[in-house]
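Subject: Handover of the structure and notes on it

Dear colleague,

I am passing on the structure that we spoke about, with the sequence alongside. My notes follow directly below, and I would be glad if you read them with the coordinates open.

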Amino acid sequence: MKTSELPAQADGADRERLADRLLRSTAARSYDPELDIDWSAPPREGKAFLPEHRSTLYGTTMWQRLGPGQRRELGKHEAASVAAFGIWLECILMRLLAKLAYEGDPATRHVQYALAELADECRHSTMFARLIEWLGVPYYRPSRRVHALGRLLTATAHGPAMWGAILIGEEITDRYQREMATDDSMQPIVRMVNRIHVLEEARHIGFARAELSRSVARLPRAELPLQRAVLGRAAFIVTRNLIHPEVYRSVGLDPAEARRAALANPAHHETLRYGGEKLVAFLLGAGMIGPPATCLWRRAHLID
């Protein structure tokens, strides 16, 4: 056996051990939203759908003009928008996981975990769809351009940029969901949705982080700028599309005017940095944030 083959075999063994541990965790700690959430329960009077300080307009002049009921209503529509965009992100992830399984060896724990995670994400998408139905608000569909970019990503993404894009979709919202899962002021069903997603998403984040680290280690140095560029574009797209402009119409605001106010809102910028804080630290350590895409991370308000 060649000495150069030893690191690859050790890396493969590490990958299999992680996948085995994640599979055992999946078997022990998984939920069925159809059974574990009482979708027949009505909203609780006075309970919020989104923390006020996480609203995109929080602290703006427009926000000051809204009454308590309007603020809760806006939060409901913003929560529905995040859920709708979450379905878009989960569908992309499911296609990437299916591609991994299609190309891989199903006898390995690594591919078996990819299939298990695919099943998790399918349940999560159904859970977000049921949440939108329960909220009784419109489906805030991503724009045609963003929809097309999603198809392009699933067809072309590879290497660390692919795993980084997955982490952007998972970790930013995960930070907010952890906050809401323990907040007694939130609607109980919203809290339960967040609790389920946080518990199961922890496995997915660990898997994607490990895969990104392996991909970076194998990446030819000349390809790093391209990988950074793809990842920076993904970060910008996600942060700009979590909240659909049409949500503002729910409280009588002009969508274009309110979106401009949100994009210029320092409190919203701080919320985005909070959501991406741990992810950004990880990606910086992996060398995946830098030229030529640094400006995109700044425009996404994920770094200063």
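Of the 304 residues of the protein chain, 51% count as buried, where buried means under 20% relative accessible area, exposed means over 50% and partly exposed lies in between, with a 1.4 Å probe and protein chains only. The model is a predicted one, in which local features need pLDDT of at least 70 and side-chain atom pairs count only at pLDDT 80 or more, whereas totals for chains, interfaces and linings use all residues. Residues are numbered from 1 along each chain as its sequence is written, and side-chain values use heavy atoms, with hydrogens and water left out.

The accessible surface of the protein chain is about 14400 Å², and 56% of it belongs to carbon and sulfur atoms; these areas come from the Shrake-Rupley method with a 1.4 Å probe, and for residues only the protein chains shown count as cover. The secondary structure consists of 12 helices and zero strands, both taken as DSSP runs numbered from the N terminus (H or I with at least four residues for helices, E with at least two for strands). The radius of gyration of the protein chain is 20 Å, close to the 19 Å that the globule rule gives for 304 residues, so the chain is as compact as a globular protein of that length; the radius is taken over C-alpha atoms, and the rule is 2.2 Å times the number of residues to the power 0.38. Along its principal axes, the C-alpha trace spans about 70 × 45 × 30 Å. Among the contacts with a separation of 6 or more, 83% are between residues 24 or more positions apart, a contact being heavy atoms within 4.5 Å.

Turning to the aromatic rings, the structure holds six pairs. Rings of Phe, Tyr and Trp (its six-membered ring) pair if their centres lie within 6.5 Å, and planes under 30 degrees apart count as stacked, over 60 as edge-to-face and the rest as tilted. In tyrosine 58 and tryptophan 63 the ring centres are 5.7 Å apart and the planes stand at 65 degrees, so this pair is edge-to-face; tyrosine 58 is partly exposed at 33% relative accessible area, whereas tryptophan 63 is buried at 3%. The rings of tyrosine 176 and tyrosine 274 have centres 6.4 Å apart and planes at 20 degrees, so they are stacked. This pair links distant parts of the chain, with tyrosine 176 in helix α7 (residues 159-181) and tyrosine 274 in helix α11 (residues 266-285), 98 residues apart. Tyrosine 176 is buried, with a relative accessible area of 12%, while tyrosine 274 is partly exposed at 23%. Ring pairs also join Tyr113, Trp163 and Phe207 into a cluster.

Arginine 175 lies over the face of tyrosine 274, 4.1 Å from the ring centre, and the charged end of arginine 209 sits over the ring of phenylalanine 282, at 4.3 Å from its centre. A charge counts as sitting over a ring if NZ of Lys or CZ of Arg is within 6 Å of the ring centre and within 35 degrees of the ring normal.

Which cysteine sulfur is nearest to that of cysteine 91? It is the sulfur of cysteine 122, 8.5 Å away, which is too far for a bond. The count of disulfides is zero, a disulfide being a pair of cysteine sulfur atoms within 2.5 Å. Cysteine 91 is partly exposed at 37% relative accessibility, and cysteine 122 is partly exposed at 40%.

Some individual residues remain. Threonine 60, in the loop between α2 (33-36) and α3 (61-65), is buried with a relative accessible area of 12% and touches Ala261 and Asn265, not counting residues up to four places away in sequence. Lysine 47 is in the loop between α2 and α3 and is partly exposed at 27% relative accessibility; leaving aside neighbours within four places in sequence, lysine 47 is in contact with Arg72, Asp184, Ser185, Met186 and Gln187.

Towards the end of the numbering, a cis peptide bond with omega of about 10 degrees joins proline 291 and proline 292, and proline 292 lies in the loop between α11 and α12 (294-299). Histidine 301, in the segment after α12, has a positive phi of about 65 degrees although it is not a glycine, and histidine 301 is buried at 17% relative accessible area.
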